[in-house]
Amino acid sequence: QVQLVESGGGLVQAGGSLRLSCAASELTFGQYYIGWFRQAPGKEREFVSTIRVAGGSPTYANSVKGRFTISTDNTKNMVYLQMNRLKPEDTALYYCAARQILQNQYDYWGQGTQVTVSS
């Protein structure tokens, strides 16, 4: 059974940094895109970033471009989201998700890790 487990969330002041981690198990890592999404209270879940694990350019939401960086460690089946220059509006529950390369939707989701940015 595919399992995604996020970690690394926490409370940080505006302007600070956090690195989120996503551990993926029971999937053929190289056949997937791994994405990060977030959901703030009272808002819909939104896309943050995604990367094709086997290689390729990552994509980012405009709201995080230039501040967040997604990366992978294929030897460990890990995906990271380095978040710099955090803003209060980045406060949300962050999820990682996986979709197979030829699929359009993300089929597997983690439980999320909370990021809170204080002003």
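In the predicted model, strand S3 (residues 18–25) and strand S8 (residues 78–83) run antiparallel and are joined by 6 bridges. Within this pairing, Ser21 has Tyr80 of S8 as its bridge partner. Strands of a sheet pair through backbone hydrogen bonds, in either a parallel or an antiparallel arrangement.

S3 and S8 belong to an open sheet of 4 strands, ordered S1-S3-S8-S7, in which the pairing is antiparallel. The edges of the sheet are formed by strand S1 (3–7) and strand S7 (68–73); each has a single partner strand, so one side of each is left without a neighbour in the sheet. On average, and with direction ignored, neighbouring strands of this sheet are turned by 15° against each other.

Gln114 lies in strand S11, which spans residues 113–118. The relative accessible area of Gln114 is 38%; the residue is therefore classed as partly exposed, since this value falls between the limits of 20% for buried and 50% for exposed residues. When residues up to four places away in sequence are not counted, Gln114 touches Gly9, Gly10, Thr91, Ala92 and Leu93. Lys43 is 71 residues from Gln114 along the chain, and the C-alpha atoms of the two residues are separated by 15 Å.

Key: Residues numbered from 1 in each chain as written. Predicted model: local features only at pLDDT ≥ 70, side-chain atom pairs only at ≥ 80, totals over all residues. Heavy atoms only, no water. Helix = DSSP H or I, 4+ residues; strand = E, 2+ residues; numbered from the N terminus. Buried < 20%, exposed > 50% of the residue type's maximum accessible area, 1.4 Å probe, protein only. Contact = heavy atoms within 4.5 Å. Pairing = 2+ DSSP bridges. Axes fitted to C-alpha atoms, helices over the stretch in contact; angles between N-to-C directions.
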